[in-house]
Structures are given as structure tokens and as C-alpha cells.
Amino acid sequence: MINIGLIGFGNVGKSVFDIFAENGDLISNRIGQPIHIKKIAVRSIEKYSSQVPDPSLLTDSVDDILQDPDIDIVVEVMGGDQPAYNFITQALTHKKHVVTANKEVVSKHKRHFFQCAKEHGVDIYFEAAVGGGIPIIRSLKVGFSANNITAFYGIVNGTTNYILTKIQEEGKDFNTVLKTAQELGFAEADPTMDISGLDAAYKCVILAAVAFKIDVQLDSVYYEGIESISLKDIQYADELGFRIKLLAIGNRIDPDTFSLHVHPTLIPKEHPLSSVRNEFNATYIVGDQVGESMLMGKGAGGSPTASAVISDIIDISFNLSQSVSYRNLETRFSDAQVQSFDAHECQVYFRLSVKNTPGVLEQVSLQFSKHSISIEKIIQKEMIDDRADVVIITSPMSESTSRLLQENILSLDSCHQISSVLRLIKSF
Ligand SMILES: NC(=O)c1ccc[n+]([C@@H]2O[C@H](COP(=O)([O-])OP(=O)(O)OC[C@H]3O[C@@H](n4cnc5c(N)ncnc54)[C@H](OP(=O)(O)O)[C@@H]3O)[C@@H](O)[C@H]2O)c1
């Protein structure tokens, strides 16, 4: 008999419980021995007692799980940094395997957890921490393990993908779409972590750890959210043949140097990532042997996330039945460097608001040529009174050049404002 202790009984914890109730026999048959949830730790027993058939399953003391010698696997589905960090560390120290869906705690403390697990002969699995129900972590660890992964491009936040899709398809502005997303449960009441790109940045750190075997912290990842994406940008991008997606990007620049960044990005409409709509997630992987692959599916929601959590439980249960551990855990991080984002180069989309007078386009173009940047496309859009929108797509330039260029453009009398600066990727 394999015994599980659940810490947290919210969206994911309850779904884990429900899937065991529905598919328990199937899961036990797959493992080859019975498995069941022995204890569930929550803060308030009263709040959850009507949601379980037997309220004695619930405890308000996590120690009832951590100190129980019969519990083999601790499933942390409460979220946040502390006290999740302490609970996971204690579970591993007590020689219990851990499954977590918590991107924040894994992203911050992965090295500590991996070492602690190794020292105590147990495993920590975290499939649900990136991409919800999509088996991206297992694919990188096992399926693509013959490859040097050269790049990943992830749509790893369902809320922002939902908002960008709805702005595009319904022609509504950001705030209107955000409000609807909140009403429909696709965005949190406080959506800051999603909208700002922070959630995707945590996931970028985890993808980098698994794909590139590098141990970086959040401060190595440049991130930008979708707050300033307007309907106009989405429409202009569409006319030019692009979609705008919030991407978590990792690139191997040379064997020991990587770039990691999260930002809204124009990508060609024909690229498979462009077809990932609404709350769906996808990660596009480039490996030196396998070439290009994309995994797509539901990146959030109770059942898809619990599906990933239970796949980790099943994997660990196989390990237990074979008396092996540490089978699927890569802890040898390399000493690679992350390139400063200032040096990162890509094509850029500018939207400027300029005076609607003759000669302005020449003045603007001159600023680009001063920095040896060529203009791939320049189009004049909407003219209102003395103002016109100008949209420019450039040749690749570094972030530092882009900033200098923006200062130069803003100093022109003919430029009212730089309305948007977005990065653009054509080849992956
Ligand atoms: N929801 C998703 O779609 C999704 C997708 C991927 C990953 N995840 C990750 O999965 C984790 C759980 O997410 P969720 O959506 O299920 O969260 P949630 O609905 O907010 O549930 C969190 C649960 O943890 C309990 N909890 C919080 N602090 C606790 C403590 N100190 N001791 C014991 N229990 C505690 C909460 O109890 P109270 O109600 O009493 O506070 C609640 O039952 C998070 O790390 C999240 O990032 C979620």
C-alpha cells in the first residue's frame, strides 16, 4: 500500500482527490499495488469538511503528514514560497518523496531541493509547475534527453494568452477583455502575477533548469508583461502577418551562454505557436537531434493540473515498487552564464505617433540609419488631425541600441510619442 499526504485542498488538491476517487482502480492497477490518500492538511478543517466523505482525513497540522512514517509521498499543492519551502524540505528530510505543482518554490529553491532529495535517497517531481497538464518536464527530462536543447519558446501563461486571443478575435480593448476573463474564471481577482509576466518568468527559470541544466534565479530572466498591449498593436501586427504572444524564451547562444527572457513577441501567423488560442499553453522545443517539436494543451485548471500531479505520483510509485529513487532527477547543473539582456538582439516593431507633415518619415528613417539599422517595413496608419501612426519593422538590433534609438526618436520635434516597442521573431 502506498500512502499519500496532501498539503492543500484548493483547486488542484481537490481535483487530485476527485481523480483518485474516479480513476483509483485504474491508477492502482497501473502501479501494481493499492495507493490511497491517507491525510489532507488544510488551514481550516471546517472549511473543507463537507468536501470529503470522511472528515477524519483532514488535519490542520502538516506535522500529521510529515511525521507519519506510513506516508510515502507528500503532495504539496498549497502554493507560495513559505511555508511550502519548509514543508517540502522537512518531507524530503524525513525520506518522503515529494510532488509539487508550485512554480514559485521550485524556481527559487530547486538546487536545495534536488540536493536534499539526493542526500535522503528520495525524489522531488514538479511536472505541474510548468504547463499544467502538458507533460513538458518529463518530455525534456526523458523524451528529448538525447539532445542538446538549443531553444525553447513557451506560451506558459493561460490568462495572458486568453486575453491576447480575445483582444485579437473580438476587437475589444485590454481592460474590457480582462474584466470578462475575471468573470469567467480565466483571470484571478488580482491578475498582477500573470499580466506582469512574473508567472511566466518563474516557469522560464524552471524550463531553463530542465532544458539547459542551469541553475538561475528570477533576476537572470528579463521579463515584461502584456499591460501595454493595445488593440491597435494587435490589429497592425495582424495586417503585417503576425500574432502577438507572451513568450518565455530560452536560447543557447553558445555551449556555455544562454539568454532567458519573457515578453510579448510578434511571431508569424503561420508559426504553430500562433495557433495556440485562449487559455491553452504550448512549448516549442528545438533540439539538435530531434529538430522542432511542440507540446500543447491545458496549462491550468484543477483536472489538467491534477492529471500532471498524479502522473508524478505514479512515476514515484513505480520507483517505490522497484526500490529505486533518483531515477529521473537531474541535479548536475552546469556553470553556464546568462547573457545580459542588453546584448540580446532581435527585430523590433515600433509604433510611433508623429506629426502629420511632409518629411517626417525621412527624419525618422534617418535615426535608424544612424545606428546602421535597416527598415524592413514602414507604413503610415491612422491619421487624426495633425497626428499619424507610423509602424516600423526593423532589422535585428540589440536592446541597448533599441533604447538609444528610442531616445533619438523622442528628441525629434516631429515625434509626439513612441506608443509601442515590441520584439519580433521570424525564425525559431
Ligand atoms: N490552479 C491551477 O490551475 C494551477 C495550475 C498549475 C499549477 N498550480 C499550482 O498549484 C498550487 C495550488 O494551486 P491551487 O489553484 O489549488 O490553489 P488554491 O485553490 O488557492 O488552494 C490552496 C490550498 O492550500 C491550502 N493552504 C494554503 N496554505 C496552507 C498551509 N499553510 N497549510 C495547509 N494548507 C494550506 C489552502 O487552504 P485555505 O483555503 O484554508 O487557505 C487551499 O486549500 C499552486 O502552487 C499553484 O501555482 C495551480
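A residue counts as near a molecule or strand if its C-beta atom, placed from the backbone, lies within 6 Å of it. The model on screen is predicted: local features need pLDDT of at least 70 and side-chain atom pairs count only at pLDDT 80 or more, while totals for chains, interfaces and linings use all residues. Residues are numbered from 1 along each chain as its sequence is written.

**Ligand**

Select the ligand and the 25 residues around it; Gly-8, Gly-10, Met-78, Gly-79 and Ala-300 come nearest. Colour this shell by class: it has 12 nonpolar, 10 polar and three charged residues. Here Ala, Val, Leu, Ile, Met, Phe, Trp, Tyr, Cys and Pro count as nonpolar, Asp, Glu, Lys and Arg as charged, and the others, Gly among them, as polar. Helix H1 (residues 11–31) contributes three residues, the most to the shell. Helices (H or I, at least four residues) and strands (E, at least two) are DSSP runs numbered from the N terminus.

**Sheet**

Next, show the strands. Six of them form an open sheet with parallel pairing, in the order S3-S2-S1-S4-S5-S6; two strands pair if DSSP finds at least two bridges between them. At the edges stand S3 (58–59) and S6 (124–125), each with a single partner strand, so one side of each has no neighbour in the sheet. Strand S2 (residues 35–41) pairs with S3 in the parallel sense over two bridges.

Contact between two residues requires C-beta atoms, placed from the backbone, within 7 Å. Helix H12 (residues 302–321) lies across S1, S2, S4, S5 (97–100) and S6, at about 165 degrees to S5.

**H1 and H12**

Keep these two helices in view. The axes of H1 and H12 come within 9 Å and cross at roughly 45 degrees, which makes H1 oblique to H12. Angles under 35 degrees count as roughly parallel, over 145 as roughly antiparallel, 65 to 115 as roughly perpendicular and the rest as oblique. The residues of this contact comprise 10 nonpolar, eight polar and two charged.

**H4 and H5**

Move to H4 (residues 84–93) and H5 (residues 103–119), whose axes come within 10 Å and cross at roughly 15 degrees. H4 is therefore roughly parallel to H5. Select Ala-84, Tyr-85, Ile-88, Thr-89, Leu-92 and Thr-93 in H4 to see them meet Val-105, His-109, Phe-113, Cys-116 and Ala-117 in H5. This contact divides into eight nonpolar, three polar and no charged residues.

Two backbone features can be checked in the loops. Most residues other than glycine have a negative phi, and most peptide bonds are trans. Gln-82 and Pro-83 are joined by a cis peptide bond, with omega about 5 degrees; Pro-83 sits in the loop between S4 and H4. Lys-95, not a glycine, has a positive phi of about 60 degrees and belongs to the loop between H4 and S5.

**H7 and H8**

Finish at H7 (residues 158–170) and H8 (residues 174–183), which pack at about 125 degrees with axes 9 Å apart. That makes H7 oblique to H8. Thr-159, Tyr-162, Ile-163, Lys-166 and Ile-167 in H7 meet Phe-174, Val-177, Leu-178 and Ala-181 in H8. By class, the contact has seven nonpolar, one polar and one charged residue.

Key: Axes are lines fitted to C-alpha atoms, for helices over the stretch in contact, and angles run from 0 to 180 degrees between N-to-C directions.
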